[in-house]
Amino acid sequence: MRLFTWSARRILSAHKQASGGSREFWGWLNAVFNKVDYERIKAVGPDRAAAEWLLRCGAKVRFRGFDRWQHDYNGLPTGPLGRYRIEAIDATESCIMYRGFDHLEGLEHVEEIRFNKCIYIEDACLERLSQIKTLQDSLKNMTMVSCGNVTDKGIITLHHLRNLEWLLLSDLPGVKDKDQTVDRLQTALPRLTIELDLA
């Protein structure tokens with residue numbers, strides 16, 4: 001039985017091709033995809049529930065011990081609770097938004113997150129992500145490219161990710177004082193390597 005046949009990426013692609021689509025409808029639909037089902041998290045565990053959320057929104061995940069990125073909702077592996085742990089998240093062009101970030105609670109093995117062309121990622125998302133204790137311990141690499149709603153304030157909140165080793169910041173028009181922002185991050189995280197491609 002196929003549990004979910006339309007991903008957000010397919011729907012967004014169809015939206016780009018359709019004429020006369022309503023912006024409010026797509027905002028509502030993306031909010032539905034991001035709704036947190038706490039009972040589902042209890043039933044299947046945080047990694048499975050987060051993977052379902054991410055794939056529903058058009059992102060990809062890579063599980064610990066696997067090289068292949070998982071992008072097909074219906075192809076999510078099954079097995080005993082806790083067998084598949086998310087190690088990396090690629091949210092490129094996905095519709096993940098703040099409303100869904102509670103799905104990240106309890107993920108203990110995420111080492112890499114990529115935010116590329118994520119139109120709903122904003123400062124509040126980065127602040128929320130930075131407050132999650134398990135991510136403060138596990139996250140090592142982060143990419144932030146072409147996320148127009150991210151400002152200096154959001155980037156500075158990443159200083160809570162105490163084990164962050166590498167950060168790429170590119171094409172972020174909301175970051176206005178890059179030197180001060182980078183200096184504050186480097187002061188808080190002296191082992192952090194920051195690659196910049198900001199205007």
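Begin by selecting Arg 62 and Trp 69: the charged end of Arg 62 sits over the ring of Trp 69, 4.9 Å from its centre (a charge sits over a ring if NZ of Lys or CZ of Arg is within 6 Å of the ring centre and within 35 degrees of the ring normal). This is a predicted model, in which local features need pLDDT of at least 70 and side-chain atom pairs count only at pLDDT 80 or more, while totals for chains, interfaces and linings use all residues. Residues are numbered from 1 along each chain as its sequence is written, and side-chain values use heavy atoms, with hydrogens and water left out.

Next, select Phe 63, Phe 66 and Tyr 84, which form one aromatic cluster (rings of Phe, Tyr and Trp, the last by its six-membered ring, pair if their centres lie within 6.5 Å; planes under 30 degrees apart count as stacked, over 60 as edge-to-face and the rest as tilted). Within this selection, the ring centres of Phe 63 and Tyr 84 lie 5.7 Å apart with their planes at 65 degrees, so the pair is edge-to-face. Phe 63 is buried, with a relative accessible area of 6%, and Tyr 84 counts as buried at 16% (buried means under 20% relative accessible area, exposed over 50%, partly exposed in between, with a 1.4 Å probe and protein chains only).

Then move to Trp 53 and Phe 101, an edge-to-face pair at 5.9 Å centre to centre and 75 degrees between the planes; both residues are buried.

Finally, select Met 142, which, not counting residues up to four places away in sequence, touches residues including Phe 115, Leu 129 and Trp 166 (contact means heavy atoms within 4.5 Å).
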